[in-house]
Amino acid sequence: MDYILVILITYLLGSIPFGFLLTKFFLQKDIRNIGSGNIGATNALRTGNKIIGFSTLVLDVGKAVLPIILIKYYFPQYIYIGALSVFLGHVFPVWLKFKGGKGVAAYLGILFSINVLFAIVFSLSWLIVYFISKLSSLSSLIATLSVPIFIFFFNIQSNIIFFLIMFVLIFYTHRENIKRLKNKEETKTKIY
């Protein structure tokens, strides 16, 4: 019974669409009609309001950190199922007809909760690729792949299968970006 409660609560918390709520409340705009139509932090930046963009990032990371840390403390055996549920809530939110973000910020929150070192590896990889390419999508894909590679090469005791599944899911959520990357049509993003 505990695992059903864990899945339900983490999914619902992951489903909170902060990018949508912030742009609606502060800008009276629907983020789904801006830029890529995505509700995540990268598209929130495209509103032209950097405070909204960075607030979306912080809140999307936070909505994963809080429940996963609680699960880690009270139900450690369910940490990976809880993490997956938070992620799926972000990508498929019940409140927005299951059309959500791409999961990168929620994944970063998951990494911080499971092992801060993984979050550092992810963040450094993301920043290096971004400052070379200025492409948020490419940075996210490479950073997501860097975590299971790091776990493998340094023989860290962790569930590498979970992190490979997360890479596959983020690869899936970025499928349109990947097409644009292949055709050299992907839009560069300014984060500063």
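Q: Why is N43 called buried?
A: Its relative accessible area is 2%, and buried means under 20%, with exposed over 50% and partly exposed in between, using a 1.4 Å probe and protein chains only. So N43 counts as buried.

Q: What should I keep in mind about the source of these values?
A: This is a predicted model, in which local features need pLDDT of at least 70 and side-chain atom pairs count only at pLDDT 80 or more, while totals for chains, interfaces and linings use all residues. Residues are numbered from 1 along each chain as its sequence is written, and side-chain values use heavy atoms, with hydrogens and water left out.

Q: Where does N43 lie, and what is around N43?
A: N43 lies in helix α3, residues 41-45; helices here are DSSP runs of H or I with at least four residues, strands are runs of E with at least two, and both are numbered from the N terminus. Leaving aside neighbours within four places in sequence, N43 is in contact (heavy atoms within 4.5 Å) with I31, I34, G35, S36, G37 and N38. The side chain of N43 also reaches the backbone oxygen of I34 at 2.8 Å.

Q: What makes H90 buried or exposed?
A: H90 has 3% relative accessibility, so H90 counts as buried. This residue belongs to helix α5, residues 79-91. Beyond its neighbours within four places in sequence, H90 is in contact with residues including D60, K63, G101 and A106.

Q: And is G101 buried or exposed?
A: G101 has a relative accessible area of 4%, so G101 is buried. You will find G101 in the loop between α5 and α6. Its C-alpha atom and that of V91 are separated by 4.9 Å, although the two are 10 residues apart along the chain. Setting aside neighbours within four places in sequence, G101 is in contact with N38, I39, G40, H90 and V91.

Q: Why is α5 called roughly antiparallel to α6?
A: Their axes come within 9 Å and cross at roughly 160°. That makes α5 roughly antiparallel to α6, because angles over 145 degrees count as roughly antiparallel, under 35 as roughly parallel, 65 to 115 as roughly perpendicular and the rest as oblique. Axes are lines fitted to C-alpha atoms, for helices over the stretch in contact, and angles run from 0 to 180 degrees between N-to-C directions.

Q: Which residues meet where α5 contacts α6?
A: I79, Y80, A83, F87 and H90 in α5 meet A106, Y107, I110 and I114 in α6. By class, this contact has eight nonpolar, one polar and no charged residues.

Q: How do helices α4 and α6 pack?
A: Helix α4 (residues 50-74) and helix α6 (residues 104-114) pack at about 35°, with axes 7 Å apart. Residues that meet include L57, D60 and K72 in α4, and L108, F112 and S113 in α6. The residues of this contact divide into 12 nonpolar, two polar and two charged.

Q: What makes Q28 exposed?
A: Q28 has a relative accessible area of 61%, so Q28 is exposed. Q28 lies in the loop between α2 (18-27) and α3, with a positive phi of about 55° although it is not a glycine.

Q: Why is K134 called partly exposed?
A: K134 is at 24% relative accessibility, so K134 counts as partly exposed. K134 sits in the loop between α7 (116-133) and α8 (136-153). K134 is not a glycine, yet has a positive phi of about 65°.

Methods: Nonpolar A, V, L, I, M, F, W, Y, C, P; charged D, E, K, R; others polar. Polar contact = N/O pair within 3.5 Å; in protein donor to acceptor, adjacent residues only side chain to side chain.
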